[in-house]
Amino acid sequence: MAYLDINNVVKHYEEHTALDGVSMQVEQGTIYGLLGPNGAGKSTLIRIINRILAADEGTVLLNGKQMTDADISHIGYLPEERGLYKKMKVGDHIVYLGRLKGMTKADAVASMHWWLDRFDLKEWENKKVENLSKGMQQKVQFIGTVIHRPPLLIFDEPFSGFDPVNAEQLKVEILALRDQGSTILFSTHNMASVEEVCQQITLLNHAKVVLTGSVDEIKQQHKKNIIAVQTPDSIESNSDLFTILPPDPVKKQDTLIKLAPGVKVRDAINWLNEHYRLTGFTEVLPSMNEIFIETVKSKNAENNE
Amino acid sequence: MNKLRLIIAREYMSIVGRKSFIIMTLLLPLLFVVIGAVPVVLAWLNDKGSDTQQIAVIDETGRYAAALHSDDMYSFVAMQGDTMTDARQFYDKANGSIDAVIIIPSNVDSTGVVNIYSEGTITPALASMVKRTLADTIQNAHLASMGIPNLQQMVSEAHIDVDVRSLKWDENGGEQESSTDAAMGLGFLLSFITYMFVLMYGAMIMNSVIEEKTNRIVEVVVSSCRPFQLMLGKIIGVGLVGLTQMAIWIILLAVVGIVAGGALGLTQLGTNAVSPEAMAQASDMGVVQSIMQQVLSINYLPIIVNFVLYFIGGYLLYSSLFAGLGSAVDQPSDSSQFTTPVILIMLIAFYAGIACMENPTGPMAVWCSMIPFTSPVVMMIRLPFGVPGWQLALSLVLLFGTALLIIWLAARIYRRGILHYGQKASFKELFKWMK
């Protein structure tokens with residue numbers, strides 16, 4: 001049974017439909033990527049899970065039960081549009097957010113100290129938020145999201161606004177939270193981070209799910225039977241087995257071959273091994289970025305017909 | 001409930017903890033004191049700066065000059081001579097050391113005219129002082145010359161001042177002294193306080209809503225509580241800030257009043273000698289006393305209770321309007337499109353209140369004290385004059401009913417507005433959001 005179970009959710013606005021029968025199952029203790037171009041409905045879905053908006057149809061189950069307002073204390077939410085009260089002190093601010101999620105004052109204070117220590121922000125506790133650098137404010141924001149140790153975390157574009165060093169630290173923290181059992185829903189455009197951290201993804205486009213599954217499976221499904229071959233020789237096309245593709249602009253030394261339909265990788269490699277000096281080969285899997293673009297483009301083309 | 005309390009506490013502390021709040025709270029009354037004190041200080045400087053005026057007196061009758069006593073302000077010097085030319089010569093010879101010449105003509109008993117000459121201006125204070133003193137003295141001399149025993153006493157006993165007291169019958173057939181002036185003053189004060197406060201704190205709420213939007217904190221907060229709780233928490237929190245500010249002002253006023261009252265009382269005792277000046281002051285004191293009596297004669301309890309009720313109702317009505325409208329804009333500079341109509345309604349209410357002062361029971365006053373958008377201001381004008389119970393009840397029901405409706409509508413706008421960024425919302429969109 002999925003920890004977060006979204007069934008057939010529909011949401012209409014005055015002029016358009018933001019979600020049209022979206023379903024999605026997130027297993028406990030995994031990192032789940034919610035992808036999609038701008039305006040696909042990601043933020044609306046996330047707001048529905050957070051109970052900021054109400055769905056017109058469909059259900060959202062948490063741990064097998066229909067979600068209620070009481071459940072929002074089990075969620076930590078980092079919105080894409082995020083900020084802090086500039087005039088509040090860092091410590092007070094974190095405690096305030098923790099208490100809004102239902103923590104007692106003592107718990108919130110203890111947890112705040114622990115997290116400030118972890119992010120090296122201890123000496124900033126009594127400074128006003130406005131005195132912090134942008135990166136430090138983002139860390140405070142993150143602490144405010146996780147302070148109540150929620151079992152479900154929702155991050156909307158978590159890495160935007162972070163420099164690479166801080167983004168790396170944030171990634172480590174997110175993975176640590178997953179290892180401690182938190183379930184993480186992750187909405188982003190950053191496909192590299194999706195490949196690094198997500199086990200499962202759902203791709204939304206125009207209010208509908210267009211692709212869903214584990215990252216590995218999806219890559220296998222979308223592979224184009226391309227092999228990168230390392231050889232000092234120059235390979236000629238063999239129309240029965242494969243065709244030669246133009247080389248990858250980054251890895252120019254590799255020869256890219258595309259297998260003919262029905263040809264197994266082993267057969268092609270065996271044949272090559274007999275005719276050329278083969279030093280190595282790798283199967284080229286498409287990046288999530290390519291899959292994303294390809295899927296969205298083909299779906300848009302379908303819609304236009 | 002717990003979350004609402006947290007939100008109220010944060011909102012309250014975020015304003016009260018600000019330096020600008022403390023400074024404003026202390027400076028505003030000071031500003032009023034300064035504005036009020038300027039004429040007094042100027043008058044005092046005027047008195048202080050001028051030397052004692054030298055006044056020459058030519059008394060052709062030879063009987064009345066002695067009645068003009070010298071004091072700090074004026075020094076009267078009786079001089080001989082009995083003609084205008086003498087006076088002029090005397091004045092010129094003095095070469096500025098004489099400020100004015102009073103001539104009491106020999107026929108003053110029949111004409112009652114006394115002349116004061118000077119090349120400079122003759123102050124009204126001098127003229128009225130001379131007039132008062134000589135009128136009494138001449139009148140007494142007339143009475144004495146008639147040779148009737150005890151006439152003076154008889155005249156003063158026969159002298160009657162007619163004083164008009166306005167009395168109000170209450171339901172039990174008893175009567176109560178009422179005062180139009182004090183009632184008007186009190187009514188104006190209360191309506192002005194309501195008007196100022198609602199505008200000031202309404203604007204404060206709107207800024208607070210817009211600030212949360214521009215900060216982008218609002219989505220973080222509403223993922224922990226309902227938008228309605230956030231809005232209500234703001235309205236209550238800012239309302240409490242206002243009450244705190246008022247309480248500080250009342251305490252300041254009380255302290256200043258006690259200190260000033262004490263000081264005034266002491267000087268009063270000190271100068272209570274029989275000098276004519278003190279007598280004049282005593283009659284001023286009589287006026288002050290009668291005003292005080294009028295002010296004290298007003299039945300305050302129902303006025304205070306109703307003031308608080310209307311105040312809360314009006315504040316809820318307008319502050320939720322401001323909160324709802326504030327949620328629809330991203331920046332304070334965009335807000336005027338929505339606030340202008342609201343401020344206009346407030347202004348209409350305020351001027352309607354002033355117009356109703358002339359006739360607090362007229363149809364305009366009654367209607368405006370029923371309409372919820374004007375009643376918190378206009379009813380304040382009517383309150384000190386007494387308002388029928390059924391009118392109060394109906395008006396309060398209308399006010400609170402409308403306030404609840406506006407809160408509900410504002411909440412519907414608010415929950416959409418706070419997540420609406422970018423393009424400025426129009427009134428049309430606001431109506432859509434209400435549905």
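## A loop residue with positive phi

Asn63(A) counts as partly exposed because it has 16 C-beta neighbours inside 10 Å, where a residue is called buried with 20 or more other C-beta atoms within 10 Å of its own, exposed with 12 or fewer, and partly exposed in between, the C-beta atoms being placed from the backbone. Asn63(A) is found in the loop between strand E4 (57-62) and strand E5 (65-66) of chain A, and its phi is near 55°, a positive value in a residue other than glycine. Most residues other than glycine have a negative phi.

The structure is a predicted model, in which local features need pLDDT of at least 70 and side-chain atom pairs count only at pLDDT 80 or more, while totals for chains, interfaces and linings use all residues. Residues are numbered from 1 along each chain as its sequence is written, and chains are lettered from A and ligands numbered from 1 in the order in which they are written.

## The open sheet

In chain A, six strands form an open sheet with mixed pairing, in the order E6-E7-E8-E3-E9-E10; strands (E, at least two residues) and helices (H or I, at least four) are DSSP runs numbered from the N terminus, and two strands pair if DSSP finds at least two bridges between them. Strand E6 (75-78) and strand E10 (208-214) of chain A stand at the edges with a single partner strand each, so one side of each is left without a neighbour in the sheet.

Strand E7 (residues 152-156) and strand E8 (residues 183-187) of chain A run parallel and are joined by five bridges, and Ser187(A) in E8(A) is the bridge partner of Asp156(A). In the loop between E9 and E10 of chain A lies His206(A), which has a positive phi of about 45° although it is not a glycine.

## Two helices in contact

Helix H2 (residues 90-100) and helix H3 (residues 105-118) of chain A pack at an angle of about 130°, with their axes 9 Å apart; axes are lines fitted to C-alpha atoms, for helices over the stretch in contact, and angles run from 0 to 180 degrees between N-to-C directions. H2(A) and H3(A) are therefore oblique to each other, since angles under 35 degrees count as roughly parallel, over 145 as roughly antiparallel, 65 to 115 as roughly perpendicular and the rest as oblique.
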